[in-house]
Every structure is written in structure tokens, then in C-alpha cells.
Amino acid sequence: MSLSATNGRMNRWSRRLALLLTVLTFPLIWVGGLVTTTDAGMAVPDWPNTYGYNMFLYPWESWLLGPWDLFIEHGHRLLGALVGMVTIALMVVVLKTDARSWMRKLVIVALVAVIAQGILGGVRVRLNDVTLAMIHGCTGPAFLVLTTIIALMFSAFWQNPVSPELSAAEADNKNEQNEDSDVIEDDKQQFNASLRLARFTTILVYCQLILGASIRHIPVTTSPQTYSLLVIFHIGMALAVTGHIVMLCLAIRCTKNLPQSIRSGSKQMGLLIVVQLLMGIGTWVLKFGWPAGLGNNKYLADHLVVTQGWFQSHVVTGHVAIGSVILVMAALLTTRLLRLQFVRQKLEATVVIEKS
């Protein structure tokens, strides 16, 4: 087998492992959310062992047939270990086959991040510290963003964000404009505005995620007034995030000659924020009841909500998980726009050199 064929096969493995890592990290965040929602964080009081057993040798009957909090907490640990193993495999393959120095550094950063995340979760158990649990809950989505960006860097879009069809459309557009510099400048300004909105929206979504984690891991000694203030601030931030996502979707719609992946990503994020708002309303109702006396309605009254029950736990956890997905989509949108900007600038510089 030739060297190029071998490298091609290994590059396919890099792409597959990057996708697998992303696919595994999302359920890890979901299960971690269930651990917090059901207060199962201390169901296994020791670490890195599980009740004195090696984590991987803990009797499966005791795990699968044991209490729910033990099942979900030990499962979270096993899934986290699997994510770490896939990260190691990805790093080995990339270091062996990928010539991009920044990609080699990025997978090393990913390995350091997943190790740090695992240690952070273990120390949180050893110290039984709520603040560490909150930090652990905030860094998990950040790692998910990192894995999805790594997967994007093995995609066809990353190799050629300016497709031949898009390049032809841009050329026709310029011909129609007769190289009107004012129109071209307006297009660039619209693109830059979309990029700025994408960047700020990503930051805003992550700040909202941190605020939500602060509410979920709030100490029991916190006063009701402080808790109410945090919840109100969280609702205000939700409205701000929604507004920025709407503006971003409109800006991308008005930006000419964008790849379909960028336009589709903005539409999907717009739809997902609607789902997230509905999940937020559901979380409020399940935790605090119907506001403004709506529960007195005959169609809404007389429904028992079981605290930490199956339905309530998954609605609340789903609200947290969808927030992580929105963060990922905003980060991917920003990364795609940055990649497209870089390639376009490189092509423009090449054209200038050739003309000179």
C-alpha cells in the first residue's frame, strides 16, 4: 500500500474519531446534568474507586440493578472514561498522520482538558464541594465546543469553504456590479457585522450557561432573595440571548454569497432557541408552579409534579443540554465565518499578486 493511501486511511480515522468524540461528549453532558438534577453527585463517595472497587471492575449487577442515583453517577464516570480514551486515540492518530502543527497542538489541548475535567469531577466528590460541581458543569460544555470544532476541521467545509458554485456566484455578482467598490464594501461590512454578532452571541450564550449553573449549584445557605434575583437575571439574559440570535439569523440572511452550511446552521439555531424557551417555561412550571394563578385553570390544575421524578428530571436536564447545543451551534457558526473570511482573504491576496 502506498504512503498516500495509508495517510488517507488514517485521515479518515481522524475524522471518525473526532465525530465519535463529539457524539459521546453530548450524552456525557446530559448524564452529568441528570446527576445534578437528581442530587446524585455524592451517590459514590469515593474516587477514583467506586465503593473500594476499581471503577472498571465494579460489579455490573450492583450498578445496573442498584439504586438510580448509583446507576447514574457510576454511569457518568464510565462514560467520562470512555470519552477520555477516545480523546487519547484521536491524539495518537493526529500526531501520527496530521501535518498541521496547530491541529497537533489542539488535540493535545483536548487531552489535557478532558483529564482536567475528570480530575475536577473527582476532587468535587472527594471534597463534596458545590462550587467545584458548578465549575465542572461549566467546563463540560466548553469541552463539547472544542470537540465539535475539531470535528469541523476534518470536514469538507474546512478544506474548501468557498465552493466552485459559490465562487461562480460571487464572480457573476461582481460582473453585474461592474466592480462597484461601494457595493463590494457594503457586502464586506454585512459579513463583518454577521461575524461580530456571531462572536458576541457565543459569549452571551456561555455567560447564560454559567448563570444557569450558578442557580443549579447554589448553596443551601443562600437567601431566598438572592436566589430569586439570580432567577430573574437568568430570565433577562434568556431574552437577551434570544434577541441576539434573532439578529444574527437576520444578519446572515442578508449577507450575500454564504455557504449553505452557514445559512442552515443559523436557521437551526433560530429554531432551537424557540425549543429552549419552551423548555425553560416547562422547567419553571415543574419547579415553581404556574405563575399568576394559571394553575387554577381546570385544564392545568390537579396535576401532581413529583420532585426529581422522571418527567421533571428530564425536562430540567433537557433545558440544560439544549443550552449546551445552542452554545455549540453559535461557536460553530463563528468558526465557519472565521474560516470563510480567512480563505477569502487568502484568495484575494493571491489575485492581487497575480495581477501585479
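Met-85 is partly exposed, at a relative accessible area of 46%; buried means under 20%, exposed over 50%, and partly exposed in between, with a 1.4 Å probe and protein chains only. Met-85 sits in helix 3, residues 68-97. The model is predicted: local features need pLDDT of at least 70, side-chain atom pairs count only at pLDDT 80 or more, and totals for chains, interfaces and linings use all residues. Residues are numbered from 1 along each chain as its sequence is written, and side-chain values use heavy atoms, with hydrogens and water left out.

**Surface patch**
- Together with Phe-56, Leu-57 and Leu-82, Met-85 makes a nonpolar surface patch of about 420 Å².
- Patches are made of residues with over 30% relative accessible area and no salt bridge; like charges are joined within 9 Å, and nonpolar side chains (Val, Leu, Ile, Met, Phe, Trp, Tyr) within 5 Å.
- A salt bridge is a side-chain nitrogen of Lys or Arg within 4 Å of a carboxyl oxygen of Asp or Glu.
- Accessible areas come from the Shrake-Rupley method with a 1.4 Å probe, and for residues only the protein chains shown count as cover.

**Loop between helix 1 and helix 2**
- Gly-41 lies in the loop between helix 1 (3-37) and helix 2 (60-64); helices (H or I, at least four residues) are DSSP runs numbered from the N terminus.
- Gly-41 counts as buried, because its relative accessibility is 11%.
- Gly-41 and Leu-70 are 29 residues apart in sequence, and their C-alpha atoms are 9.1 Å apart in space.
- Pro-48 is placed in the loop between helix 1 and helix 2, and the peptide bond from Trp-47 to Pro-48 is cis, with omega near 10 degrees.
- Tyr-51 lies in the loop between helix 1 and helix 2 and has a positive phi of about 50 degrees although it is not a glycine.
- With 43% relative accessibility, Tyr-51 counts as partly exposed.

- Asn-128, in the loop between helix 4 (101-127) and helix 5 (130-152), is a residue other than glycine with a positive phi, near 50 degrees.
- Asn-128 is partly exposed, with a relative accessible area of 47%.
- Thr-255 is in the loop between helix 9 (224-254) and helix 10 (260-288), and counts as buried at 1% relative accessibility.
- Not counting residues up to four places away in sequence, Thr-255 touches Gln-190, Phe-191, Ser-194 and Arg-263.

Terms used:
Helices (H or I, at least four residues) and strands (E, at least two) are DSSP runs, numbered from the N terminus. Contact means heavy atoms within 4.5 Å.
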